[in-house]
Amino acid sequence: MTRISRGYIARRRRTKMRSFASGRARSNLTRTMTQQQIKALDSAHRDRDRQKRNFRSLWITRINAVIRKLWVSYSYSRFIHDLYKRGVLLNRKILSQVAIFNKNSLYIVSNKNMIFNEIIKEGVGLVHQ
């Protein structure tokens, strides 16, 4: 019996899998390509969470460096706690951008909120009298 040529569907599937694999054996052998695809997808899933973690720590480091250099606050945790108490709705990403591009405005943000809260407290005191 003569050999028949297979259809294009299996070849198309293997070609799609080949995009995940690189190297000689990994890109030629179907079983190895499958394993490589599983490994690549697993690494991508794991590293998405790791990337979020790394960026958050980078933002915290940047904010902490500027805070200590400009004497805005003596620690990062105290600075964040004060902003939280004052109701400032700036996340760490935005605060780090402010710290990089305009260091003085970080100082202004912390002081203005202090002044704003004192005005609110005085205003509330006047209403209750």
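Student: Which elements does the chain have, and in what order do they run?
Tutor: This is a predicted model, and its chain has six helices and zero strands, so that the elements read α-α-α-α-α-α from the N terminus on.

Student: How much of the chain counts as buried?
Tutor: A residue is called buried when its relative accessible area is under 20%, and 22% of the 129 residues fall in that class. The accessible surface of the chain comes to about 10600 Å², with 57% of that area belonging to carbon and sulfur atoms.

Student: At what angle do H1 and H3 pack, and how is that angle described?
Tutor: Helix H1 (residues 8-18) packs with H3 at an angle of about 50°, their axes being 9 Å apart. Angles under 35 degrees would count as roughly parallel and those from 65 to 115 as roughly perpendicular, which is why H1 is described as oblique to H3. The crossing of the two helices is left-handed.

Student: Which residues meet where H1 and H3 pack?
Tutor: From H1 come Arg 14, Met 17 and Arg 18, and these meet Thr 30, Met 33, Thr 34 and Gln 37 of H3.

Student: Which residues form the aromatic pair, and how are they placed in helix H3?
Tutor: The structure holds one aromatic pair, formed by Phe 55 and Trp 59, which is tilted, with 6.1 Å centre to centre and 35° between the planes. Because Phe 55 and Trp 59 are four residues apart in helix H3 (residues 30-70), about one helical turn separates them. Phe 55, at 39% relative accessibility, counts as partly exposed.

Methods. Residues are numbered from 1 along each chain as its sequence is written. This is a predicted model: local features need pLDDT of at least 70, side-chain atom pairs count only at pLDDT 80 or more; totals for chains, interfaces and linings use all residues. Side-chain values use heavy atoms; hydrogens and water are left out. Buried means under 20% relative accessible area, exposed over 50%, partly exposed in between (1.4 Å probe, protein chains only). Accessible areas come from the Shrake-Rupley method with a 1.4 Å probe; for residues, only the protein chains shown count as cover. Rings of Phe, Tyr and Trp (its six-membered ring) pair if their centres lie within 6.5 Å; planes under 30 degrees apart count as stacked, over 60 as edge-to-face and the rest as tilted. Axes are lines fitted to C-alpha atoms, for helices over the stretch in contact, and angles run from 0 to 180 degrees between N-to-C directions. Angles under 35 degrees count as roughly parallel, over 145 as roughly antiparallel, 65 to 115 as roughly perpendicular and the rest as oblique. A crossing is left-handed if the near helix is turned anticlockwise from the far one by less than a right angle, and right-handed if clockwise. Contact means heavy atoms within 4.5 Å.
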